[in-house]
Amino acid sequence: MAENKIPYKIYLEEDEMPTAWYNVRADMKNKPAPLLNPGTHQPMTAEELGGVFCDELVAQELDDTNAYIEIPQEIRDFYKMYRPSPLVRAYCLEEKLQTPAKIYYKFEGNNTSGSHKLNSAIAQAYYAKKQGLKGVTTETGAGQWGTALSMACSYFGLDCKVYMVKVSYEQKPFRREVMKVYGASVTPSPSMETEIGKKINTEHPGTTGSLGCAISEAVEVAVKNPGYRYVLGSVLNQVLLHQSVIGLETKAALDKYNIKPDVIIGCAGGGSNLGGLISPFMGEKLRGEADYEIIAVEPASCPSFTRGKFAYDFADTGMVCPLAKMYTLGSDFIPSANHAGGLRYHGMSPILSQLYDDGLMKAVSVEQTKVFEAAEQFARVEGILPAPESSHAIRVAIDEALKCKETGEEKTIVFGLTGTGYFDMVAYEKFHNGEMSDYIPTDEELAKYAAKLPVIE
């Protein structure tokens, strides 16, 4: 199709939306290692996981064989409120950069939660309601997951208890108020409401918290309260499964105009949006049908891929969750108060960790000030104020486009714009005032945490 026929925004019709999620594990030769019981170090059974997660989500978590899992009609009907989301050609950014590269971004911020997180939140709330539960507990970093889950729980009439990383709770007051609009209770973590929270506060006085801390508190509350289960916004297999709707739509939109991407880029914290975006493309790569350069982008302050260890580790700081084999900095690693709160997690999705270890994708880390420079550059020409997390992908997309400018290559670049930054103005204010720093942990710091990784025989 002629170049000038490709629109700024490629939309799919409702009947072109995916009717099934894609499970990339079905095509992986090396499957992700199983979750282990923290006490026995044996693979977790469905019965054991059922004490923490909803039953049908446990089945999805353990499914390594079925390539496609049907999306229930109730979830598809909810998706229609904001999906399909647009795939946007960044013509204005291309012109500004004077690059021969063609740049596309999948925009996931066109819902009240402001991000892609609603794709999995509504699925997890649906299965909780179907099981007859009273409510759910969760953690949230930047607050996008907590906001999305609050919306989903309100829709299904479920109670929602959110433990929000303390630094984000203080930096993003409006996002926590949106959660309250939808009826959720929001507690800064670590708190003094749980045994684990009290322990963490005692051992780390004045801590700004981490996703690992908040996970521990949410799990403790879930297992101590009958009728509740824990749900989470990233890392585990079930979440990447739900988020595959992003990549399936992206591929369908590209196929509509016979466009084949060369480079696919996503920000990486726990792995939900990156895993969702790349899933169908990675499936083609695994099956030998096509090849793509896939790049994970993480903050230099929390570099689990680029400087972590591929090993079994606790998913939470309190060490009560199952052990997962993943790229990790250590479960008690507490990052600096980086403003990309959704990327402040010590580990990475077991699926993505295995794919990375197998050499099927690469990773880069970027400093915070460079991320915000890219965010402003993008906002000024594309008209969307991006979330700090999304801006990590923007940074590397711009870098890749500038490489094309130097070499003359006409690569097609696709990246995930996971959400909007309209509740992240404290971070933008600090950037403008020159108060933002680029903290990078030293090798000695990381070695200290790596030395504490559990020994699995």
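This is a predicted model: local features need pLDDT of at least 70, side-chain atom pairs count only at pLDDT 80 or more; totals for chains, interfaces and linings use all residues.

Biologist: What does Lys224 meet in a salt bridge?

Modeller: Glu220, at 3.2 Å from N to O. Both residues sit in helix α10 (residues 211–224), 4 residues apart, or about one turn of the helix.

Biologist: And Glu220, buried or exposed?

Modeller: Buried, because its relative accessible area is 9% and the cut-off for buried is under 20%.

Biologist: How many salt bridges does the structure hold?

Modeller: There are 30. One of them pairs Lys80 with Asp77, with 3.8 Å between the closest N and O atoms. Lys80 is partly exposed at 36% relative accessibility, and Asp77 is partly exposed too, at 40%.

Biologist: Which residue does Glu410 bridge to?

Modeller: Lys102, with the closest N and O atoms 3.7 Å apart. Glu410 lies in the loop between α16 (388–407) and β15, while Lys102 is in strand β5, so this pair ties together parts 308 residues apart in sequence. Glu410 is exposed at 56% relative accessibility, whereas Lys102 is buried at 17%.

Biologist: OK, switching to β5 then. How many of its residues are buried?

Modeller: 6 of 6, over residues 102–107. Lys102, Tyr104 and Lys106 point one way from the strand, and Ile103, Tyr105 and Phe107 point the other way.

Biologist: Which strands does β5 pair with?

Modeller: Strand β4 (residues 87–89) pairs with β5 in the antiparallel sense over 3 bridges, and Val88 has Tyr105 as its bridge partner in β5. Strand β15 (residues 412–417) runs parallel to β5 and is joined to it by 6 bridges. There, Lys106 has Gly416 as its bridge partner.

Biologist: What network is Lys106 linked in?

Modeller: A network of salt bridges that links Lys106 with Arg83, Glu108 and Glu249.

Biologist: New topic: where is Cys153, and what does it touch beyond its sequence neighbours?

Modeller: Cys153 is in helix α6 (residues 144–156). Beyond neighbours within four places in sequence, Cys153 contacts Ala125, Val136, Leu158, Asp159 and Cys160. With 1% relative accessibility, Cys153 counts as buried.

Biologist: Last one. What does the side chain of Glu445 reach?

Modeller: The backbone nitrogen of Thr442, at 2.9 Å. Glu445 belongs to helix α18 (residues 443–450) and is partly exposed, with a relative accessible area of 26%.

Conventions. Residues are numbered from 1 along each chain as its sequence is written. Side-chain values use heavy atoms; hydrogens and water are left out. Helices (H or I, at least four residues) and strands (E, at least two) are DSSP runs, numbered from the N terminus. Buried means under 20% relative accessible area, exposed over 50%, partly exposed in between (1.4 Å probe, protein chains only). Contact means heavy atoms within 4.5 Å. Two strands pair if DSSP finds at least two bridges between them. A polar contact is a pair of N or O atoms within 3.5 Å; within protein, one must be able to donate a hydrogen and the other to accept it, and residues adjacent in sequence count only if both atoms are side-chain atoms. A salt bridge is a side-chain nitrogen of Lys or Arg within 4 Å of a carboxyl oxygen of Asp or Glu.
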